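Look over the sequence and the model, then read on by topic.

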Amino acid sequence: MHHNGPVTEPRAVHTWLTDMDGVLVREEDPIPGAKEFIGALREQGVPFLVLTNNSIFTPRDLRSRLLRSSGIDVPEESIWTSALATAQFLDDQRPGGSAYVVGETGLTAAVHDIGYVMTDQDPDYVVLGETRTYSFEAITRAIRLINAGALFIATNPDPSGPSAQGMLPATGSVAALISTATGRQPYFIGKPNPLMMRSALNRIDAHSETTVMIGDRMDTDIISGLEAGMRTVLVATGATERHQVQDFPYRPTKVVDSIADVVPYVARMCLPEDT
């Protein structure tokens with residue numbers, strides 16, 4: 001028994017989900033401990049997924065980029081993007097449908113692979129993802145199609161994203177532009193929607209009770225993991241600093257300095273709770 005709280009019993013962990021940016025890498029630089037964390041998961045044969053709201057790249061692209069720039073070897077099948085989650089949502093909602101897609105290869109390939117027809121002629125959905133080449137023409141077309149009755153879906157609500165040159169507008173900002181013009185709000189699939197977490201759990205046949213979500217943002221990673229019924233770990237190497245945790249009305253299960261502090265728990269297959 002702790003002097004100031006209840007007994008903290010280690011609880012079994014069978015599977016892990018982790019965010020990418022701010023947890024494993026910063027920009028394209030590896031965060032100390034990331035390579036060891038992924039290595040420990042693979043060595044132990046523990047099922048896991050690396051999650052990202054980035055819909056630009058396919059899992060194959062992301063695997064190559066991680067390996068080349070950071071030396072972190074994540075199998076292609078262990079990467080789950082907001083583009084894949086969005087495609088799965090569309091397939092569940094309206095199999096064999098059609099969509100006007102504004103985005104890069106990661107999103108167009110995912111939508112194509114579920115058997116959707118991509119068209120600008122009376123589509124069922126307008127699907128907005130992240131791209132570095134938003135065009136006025138494409139945005140105008142999306143607005144007109146939504147006004148004509150197409151349903152509005154977006155991969156994630158992130159308003160901006162980092163780059164070597166500074167912040168860039170991301171999906172959430174462009175979605176706001178389209179919403180202002182149409183009066184229609186999109187349904188966002190990616191974090192903080194717990195739907196993305198649920199789809200990731202289903203992807204690896206995992207159960208929320210025995211899965212831990214690791215993230216660097218309280219307002220996306222931690223809240224979506226919490227709402228999906230998982231335990232959560234906040235690493236202080238990204239967007240949310242330790243002292244900011246107290247500003248939120250919810251708490252992660254554990255707060256650590258970096259992903260390096262999580263490595264020992266992989267071998268033990270448990271996660272004691274903070275008190």
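Buried means under 20% relative accessible area, exposed means over 50%, and partly exposed lies in between, with a 1.4 Å probe and protein chains only. Helices (H or I, at least four residues) and strands (E, at least two) are DSSP runs, numbered from the N terminus. This is a predicted model: local features need pLDDT of at least 70, side-chain atom pairs count only at pLDDT 80 or more, and totals for chains, interfaces and linings use all residues. Residues are numbered from 1 along each chain as its sequence is written, and side-chain values use heavy atoms, with hydrogens and water left out.

- Strand E7 (residues 98-102) pairs with E9 in the parallel sense over four bridges; two strands pair if DSSP finds at least two bridges between them.
- Val101 stands opposite Val127 in E9.
- E9 also pairs with strand E10 (residues 151-154), parallel and over four bridges.
- Here Tyr125 stands opposite Leu151 in E10.

**The six-stranded sheet**

- Six strands form an open, parallel sheet in the order E6-E5-E2-E14-E15-E16.
- Its edge strands are E6 (79-81) and E16 (254-256), and each pairs on one side only.
- Neighbouring strands of this sheet are turned by 20° against each other on average, direction ignored. Axes are lines fitted to C-alpha atoms, for helices over the stretch in contact, and angles run from 0 to 180 degrees between N-to-C directions.
- Strand E14 (residues 211-215) and strand E15 (residues 231-235) pair in the parallel sense over four bridges.
- Met213 stands opposite Thr232 in E15.

**Helices around the sheet**

- Helix H1 (residues 34-44) lies across strand E2 (15-19), strand E5 (48-52) and E14, and runs at about 145° to E5.
- Helix H3 (residues 82-93) packs on the sheet and touches E5 and E6. The direction of H3 makes about 65° with that of E6. Contact means heavy atoms within 4.5 Å.
- Helix H8 (residues 218-227) is mostly covered, with seven of its ten residues buried.
- The buried residues of H8 include Met218, Ile222 and Ile223.
- Among the elements that cover the buried residues of H8 are E2, H7, E14 and E15.
- Just after H8, Gly229 takes a positive phi of about 90°.

**Aromatic pairs**

- A search of the whole structure finds four aromatic pairs. Rings of Phe, Tyr and Trp (its six-membered ring) pair if their centres lie within 6.5 Å; planes under 30 degrees apart count as stacked, over 60 as edge-to-face and the rest as tilted.
- The rings of Phe89 and Tyr187 have centres 5.3 Å apart and planes at 40°, so this pair is tilted.
- Phe89 lies in H3 and Tyr187 in strand E13 (residues 187-188), so the pair ties together parts 98 residues apart in sequence.
- Phe89 is buried, at 15% relative accessible area, while Tyr187 is partly exposed, at 36%.
- Phe248 and Tyr250 have ring centres 5.6 Å apart and planes at 55°, so this pair is tilted.
- Phe248 is partly exposed, at 24%, while Tyr250 counts as buried, at 15%.

**Loops**

- Thr210 sits in the loop between helix H7 (194-203) and E14.
- Thr210 counts as buried, at 19% relative accessibility.
- Leaving aside neighbours within four places in sequence, Thr210 is in contact with Ala12, Val13, His14, Thr15 and Arg231.
- Asp205 is found in the loop between H7 and E14. The phi of Asp205 is near 50°, a positive value in a residue other than glycine. Asp205 is exposed, with a relative accessible area of 73%.
- Asp122 lies in the loop between strand E8 (117-118) and E9. Asp122 has a positive phi of about 50° although it is not a glycine. Asp122 is exposed, at 69%.
- Pro192 is in the loop between E13 and H7. The peptide bond from Lys191 to Pro192 is cis, with omega near 15°.
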